[in-house]
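The sequence and the model are shown first, and the notes follow by topic.

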Amino acid sequence: MFTLAHISDLHVDGGPRARERVGRVMAYLDAFAGTLDAVVATGDLTDHGTPEELEEARALLSGRLPVLTCPGNHDVPKEGRAPYRRVLLGGAPQPHNVEAPLNTVHRTGRGTVVLVDGTLPGEGGGRLAPETLEWLEAVLAESAGVPVVLALHHPPVPLHMPAVDGIGLANAADLAAVLERHPQVAALLCGHAHTPAATLFAGRPLLAAPATVWTAPLPWEDAERVYAAHPPMVAFHVVGDDGRVTSHFRVVPEPRPAGTPARA
Ligand SMILES: [Fe+2]
Ligand SMILES: [Fe+2]
């Protein structure tokens, strides 16, 4: 069994609002170091993907827990992937081509987390490159029999959110074809939608993390009441040895003023 905290869409931009919300979320999660295996952040860590924003995101995400990231469309501007690779994956082996997709795999004794880069520099929508699909196939072939969680930014299916559904993952069928051959993939984690959501993709749970920065209203909701008023949330995914995934969602409370007792 392993347990992941799942966050997304931090949109760090140098301003106080995003900084406070990410800081609040990470302080909340930091208290669970030793219990949680990792934090997975499914992209849009920054608003514009500048080196300054990426440095701020990296600093905010640094704590006692390992944080595994994949890029979102806002993290990879038309100038390309080099700043993200340097700042967020600085310790990882550097490929010959600095513009190669930012794919990573993290293996523990209890499970594997694979994060794939479906971004298209400068574009809102996503697509998995042929080299990413080949890489994923090879990584999953090496992970047979071990529960795998696969993370990416763009949802590969519509979520009934018009603003998001038009800029999802364009080649979802290619991803589904890979998953057909790898039943050990227990769930897919994504972001981009700015709402906590659960559905199915290729027969597996597809779990969208709530956004840290702001929540997108559903078509039947009052946008004024939802957009910025919702507090940040996190998801926790417990992956059993049998591959069954159980998810919990939590609002992150505001910090208690100094001197306030834990329980009234
Ligand atoms: Fe976003
Ligand atoms: Fe996004």
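Donors are N, O and S atoms within 2.8 Å of the metal (3.2 Å for Na, K and Ca), and water is not among the atoms, so sites may look incomplete. This is a predicted model, in which local features need pLDDT of at least 70, side-chain atom pairs count only at pLDDT 80 or more, and totals for chains, interfaces and linings use all residues. Residues are numbered from 1 along each chain as its sequence is written, chains are lettered from A and ligands numbered from 1 in the order in which they are written, and side-chain values use heavy atoms, with hydrogens and water left out.

- Four donors count as tetrahedral if all angles lie between 85 and 135 degrees; four count as square planar and six as octahedral if opposite donors are over 155 degrees apart and all others between 65 and 115; anything else is irregular.
- Asp-44, in the loop between strand 2 and helix 2, and His-194, in the loop between strand 7 and strand 8, are 150 residues apart, and the pair links distant parts of the chain. Helices (H or I, at least four residues) and strands (E, at least two) are DSSP runs, numbered from the N terminus.

**Iron ion (ligand 2)**

- Asp-44 coordinates both iron ions, ligand 1 and ligand 2, which are 3.6 Å apart.
- The protein donors of the iron ion (ligand 2) are Asp-44 (OD), Asn-73 (OD1), His-153 (NE2) and His-192 (ND1), at 2.1 to 2.3 Å from it.
- Angles of 87 to 159° among the four donor atoms make the site of the iron ion (ligand 2) irregular as well.
- The donor residues of the iron ion (ligand 2) are spaced D-x28-N-x79-H-x38-H in sequence.

**Helix 4 and helix 6**

- Helix 4 (residues 130-141) and helix 6 (residues 172-180) pack at an angle of about 15°, with axes 10 Å apart. Axes are lines fitted to C-alpha atoms, for helices over the stretch in contact, and angles run from 0 to 180 degrees between N-to-C directions.
- In helix 4, Leu-133, Leu-136, Glu-137 and Leu-140 meet Asp-174, Leu-175 and Val-178 of helix 6, where contact means heavy atoms within 4.5 Å.

**Helix 1 and helix 2**

- The axes of helix 1 (residues 16-30) and helix 2 cross at roughly 25° and come within 9 Å.
- Helix 1 and helix 2 are therefore roughly parallel to each other.
- Arg-19, Val-22 and Met-26 of helix 1 make the contact with Glu-56, Leu-60 and Leu-61 of helix 2.

Definitions and conventions. Parallel < 35°, antiparallel > 145°, perpendicular 65-115°, else oblique.
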